[in-house]
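Please find below my notes on the model under review.

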Amino acid sequence: MQLQSMYQDIILDHYRNPHGRGLRDPFEAEVHHVNPTCGDEVTLRVHLEGETIADVSYEGMGCSISQASVSAMYDLVIGKSVTEAMHTGEQFMTLMQSKGNATVAEELEDDLEDAVAFAGVSKYPARVKCALMSWMALKDASARALSTTNEAN
Amino acid sequence: MTETVSRPVGARQVPLPLDVEAIRADFPILSRTVRDGKRLVYLDSGATSQKPTSVLDAERWFYENVNAAPHRGAHQLAEEATAAYEAARTTIGAFIGAPENEVVFTRNSTEAINLVAYALSNAATAKEPEFRRYAVGQGDEIVVTEMEHHANLLPWQQLCERTGATLRWLGLTDDGRLDLSDLATVVNERTKLVAVTQQSNILGTINPLGDIVARAREVGALVLVDGAQSVPHQRVDVTELGADFLVFSGHKMLGPTGVGVLWGRYDVLDALPPFLTGGSMIEVVRMEGSTFMPPPQRFEAGVPMTAQVIGLAAAAEYLQRLGMDAVQAHEEALTEYALAELQAIPGVTVIGPPDTVARGGAISFTVEGVHPHDVGQVLDDLGIAVRVGHHCAWPVVRRYGVPATTRATFYVHTGYDDVDALVEGVREAQRFFGVAPSEVK
């Protein structure tokens, strides 16, 4: 059975006990993203303190992969600058495009922490979008939050 | 892991009307394996059906022996291609009880519905008075239902946005049927067209078209029936249907992709302006303006999907040999068994009619504590192909308060062994995600 390669325990843990879930104030931007092929949804808020991501709060519904991905992302990006978080997002994208290549996962392990557990998902093209939805939402929300903050300054 | 579930009383395996083993031998793809050597359990015919050898051979025969553009050219191949194309039209028409001049080939059901929707708005601006009879505009109403596939919803939403007409719809009951309690007010003297599915692709419901057609007749509205999920699975005869249009897709009835059918009453088709224009559909072309062929050619611009049409005729013949009543009885037996087995699993809820009364073989269900995508992934790992998601019927999943469902659909090669694999797969998904029956609160 190959299922365990996708559904690592780390993923199932995040799915059952999501980190940072719930919408919180304050926030500078809120976005709503959907995966139109399956109907999965996430509403995500970003709160910046200067250039630093002080909080990411979210609500959503979807499969274990999409829900675990947003939880693992939360752990990774809090306290990082937007630029650093976007770099991490690109690394996660690289992992998702790796088609299960173990070398890619090993190289990214230090940076992606729990999120490297999603390497198995990259073997299933139909599920890659599930894992990426929250990162797309974060990218969108961060850009909006930055432009809001810049306008305010 | 202890099994706490007893077998349901109703889960009987009555002898199946079709010889599943013999039929499986006709489908080359069913002999391949998936996910590390597992037998392919294909329960996704509702999305697209697999193809028997006779359909594949028909397409190959056309390309190897006849290939030419029909209805143009004076050479022998062109003559033979035209004859083969038109003979296929006769065969496919006969499959639904229609004369060949009422059969229009389209790309699929989606295009057939769009053809009608655009013809109705084109009618409003047609320079020819005879094409304005069914024009849709402000003050007019189009009626659909809440259970329509997006293909039978968006073209009508868009038609209303283009013309200023109003879209109205019939709602659903909690057990997955059309709520006809307000039929007399929703379908009224302002209604120009009622578009309704014969068999729901997500709920499996077979709709009482007679009541809807009767009401539409009272108010003079046209009726379009979406037969994408009915024509492949039950005997459909347009002379009994009473509708004005019927659409269906070849690829869902053992035929090739890229071909669908719009059937229309000749007098209605004849009063409609074209949707797509170009070669093949013209009578006379001048720089100042052109005139068009009568139906069905008026609606078939460009070189058609000839090989696919010939493949579809072979599919219709294959189904005809099995007998559509036998096909329907076969699926009903499987559906009854599957409904009993699935509903006996604690945590499994069927979205749609819970029994086989006025019901086809599409079974949508949810598994408490396991998202449909994850159910589908576990099933896939076992070699079982199902559909997960909103099944292009987003308003339906919203109506029943679920984010998505897992859907199994049956066809002529489906046997009890496939249903057993599905049921065991659902239990496996529950075990894998730690919500197996003994652990459900």
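1. B:Pro296 is located in the loop between β12 (289-292) and α10 of chain B. The peptide bond that leads from B:Pro295 to B:Pro296 is cis, and its omega is near 0 degrees. Helices here are DSSP runs of H or I with at least four residues, strands are runs of E with at least two, and both are numbered from the N terminus.

2. The model is a predicted one: local features need pLDDT of at least 70, side-chain atom pairs count only at pLDDT 80 or more, and totals for chains, interfaces and linings use all residues. Residues are numbered from 1 along each chain as its sequence is written, chains are lettered from A and ligands numbered from 1 in the order in which they are written, and side-chain values use heavy atoms, with hydrogens and water left out.

3. In chain A, a cis peptide bond joins A:Asp25 to A:Pro26, with omega at about -5 degrees. A:Pro26 belongs to the loop between α2 (9-16) and β1 (29-35) of chain A.

4. Helices α3 (residues 76-95) and α10 (residues 306-322) of chain B pack with their axes 9 Å apart and at an angle of about 40 degrees. The axes are lines fitted to C-alpha atoms over the stretch in contact, and angles run from 0 to 180 degrees between N-to-C directions. Residues of α3(B) in this packing include B:Ala81, B:Tyr85 and B:Phe95, while those of α10(B) include B:Val309, B:Leu312 and B:Glu317. By class, the contact has 12 nonpolar, 3 polar and 1 charged residues. Contact means heavy atoms within 4.5 Å. Ala, Val, Leu, Ile, Met, Phe, Trp, Tyr, Cys and Pro count as nonpolar, Asp, Glu, Lys and Arg as charged, and the others, Gly among them, as polar.

5. Between chains B and A, about 1,800 Å² is buried, and carbon and sulfur atoms give 57% of this area. Buried area is the accessible area (1.4 Å probe) that two parts lose on being put together, summed over both. Chain B contributes 19 residues to the contact and chain A contributes 22 residues.

6. The count between chain B and chain A is 1 salt bridge, a side-chain nitrogen of Lys or Arg within 4 Å of a carboxyl oxygen of Asp or Glu. B:Asp374 pairs in this way with A:Arg127, their closest N and O atoms being 2.9 Å apart. On the side of chain B that touches chain A, α12 (372-381) and α14 (416-432) are the elements that give two or more residues. Of the elements, α12(B) gives the most, with 6 residues.

7. Over all chains, the whole structure holds 32 salt bridges. One joins B:Arg24 to B:Asp418, with the closest N and O atoms 2.8 Å apart. This pair links distant parts of the chain, 394 residues apart: B:Arg24 is in helix α1 (residues 20-24) of chain B and B:Asp418 in helix α14 of chain B.
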